[in-house]
Amino acid sequence: LVMVDGGSFEPVYSFGHYNASMEAEFIQLETSKGRTIELSRDHMVKVVSIDKDNDSLVNYYRPAGDVKVGWQLSSGFVTSIQKVRRHGVYSPFTISGNILVNSTVASTFVAFPQNEVLGVTYQWLAHSFEAFHRISYYLNITSKEGSGERYNENGVSVWVERPHSFAQWCFGGGNSEALIFVVLPIIVLVLATLVRVETLILWLLQKDGETIRELFSWMFFFIAVTIWLLASAVNKGSNRKAL
């Protein structure tokens, strides 16, 4: 269990990135209370307020690479920003999509340059994309000990790899704004529905856990195969476009 925003504890049900041997560059943020946190440049941290033009509280997730001295995090005002290199890359996933590190609230997800598209934050998009993964965890399709989790040669979870590629294809700058305006509302609608399904499954599991888990496991299996096939088709199409 790890502590999350609000002081409660949640299980780490997966890792978005798990590579003990990889060396990478991280952004080290130090606050006025002497707390430090180290994140990759695109990994998001919760910004309480921005010390600019007397902005009010924002409580908004921003990539660590965007943070400036003077911005307020949950552990105080940022007083120092440095780049450091470390061995080992780990990105634990929690149910709520955030984690508390040295009194600093950080997201469990990374962002793209367009951290907000049509009013939808990448924190919400990433957390909603993970709903399918969380449902598999609730239904014991991926074991609570993590033995059912698989990672590619770079240590990226297979649950993350394809959605991340799809998001890059949508918002990475290669597509027109018109396409984004068409695709994004559909994605938001599907993800919002999926989150509602997740909530329903959690409620039903509290009523009759084993029966509901068996039923939904079979349903989930067929849906997962269908989505995997569709995602593979999209990735192949985008690769042909790139060539």
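Which residues touch the most other members of the largest nonpolar core? Out of its 26 residues, the answer is M44, Y122 and L125. By nonpolar core I mean a set of buried Ala, Val, Leu, Ile, Met, Phe, Trp, Tyr and Cys residues joined through side-chain atoms within 4.5 Å. Buried is under 20% relative accessible area, exposed is over 50%, and partly exposed is in between, using a 1.4 Å probe and protein chains only.

Quick housekeeping, folks. This is a predicted model, where local features need pLDDT of at least 70 and side-chain atom pairs count only at pLDDT 80 or more, while totals for chains, interfaces and linings use all residues. Residues are numbered from 1 along each chain as its sequence is written, and side-chain values use heavy atoms, with hydrogens and water left out.

Okay, the overall picture. The protein has 4 helices and 12 strands; these are DSSP runs numbered from the N terminus, helices being H or I with at least four residues and strands E with at least two. It has 243 residues, and 42% of them count as buried. Now take contacts, meaning heavy atoms within 4.5 Å: among those between residues at least 6 apart in sequence, 67% join residues at least 24 apart.

Helix 4 gives the most, with 7 residues. There's also a second, separate core of 14 residues, and L29, V47, I99 and A106 are among its members. In soluble globular proteins, nonpolar side chains tend to be buried together.

Next up, two helices. How far apart are the axes of helix 1 and helix 2? They sit 4 Å apart, and the helices pack at an angle of about 35°. The axes are lines fitted to C-alpha atoms over the stretch in contact, and angles run from 0 to 180 degrees between N-to-C directions. Helix 1 brings H127, S128 and F129 to the contact, and helix 2 brings A131, F132 and R134.

Have a look at S128 in helix 1. S128 counts as buried because its relative accessibility is 2%. Leaving out residues up to four places away in sequence, S128 touches L191, L194 and V195.

Now the second largest pocket, with a volume of about 1000 Å³. It's lined by 43 residues, and H17, S40, H43, S91 and V110 lie nearest its centre. A pocket here is an open set of points on a 1 Å grid over the protein atoms alone, where a 1.4 Å probe fits, with protein on both sides within 12 Å along at least five of seven lines; lining residues have an atom within 4 Å of a point. Volume is the space filled by probe spheres set on the points, which are joined across faces, edges and corners.

Last stop: the loop between strand 9 (98–101) and strand 10. Most residues other than glycine have a negative phi. Yet N102, not a glycine, has a positive phi of about 50°, and N102 is partly exposed at 41% relative accessible area. S103 lies in that loop too, with a positive phi near 70° and a relative accessible area of 34%, so S103 is partly exposed.
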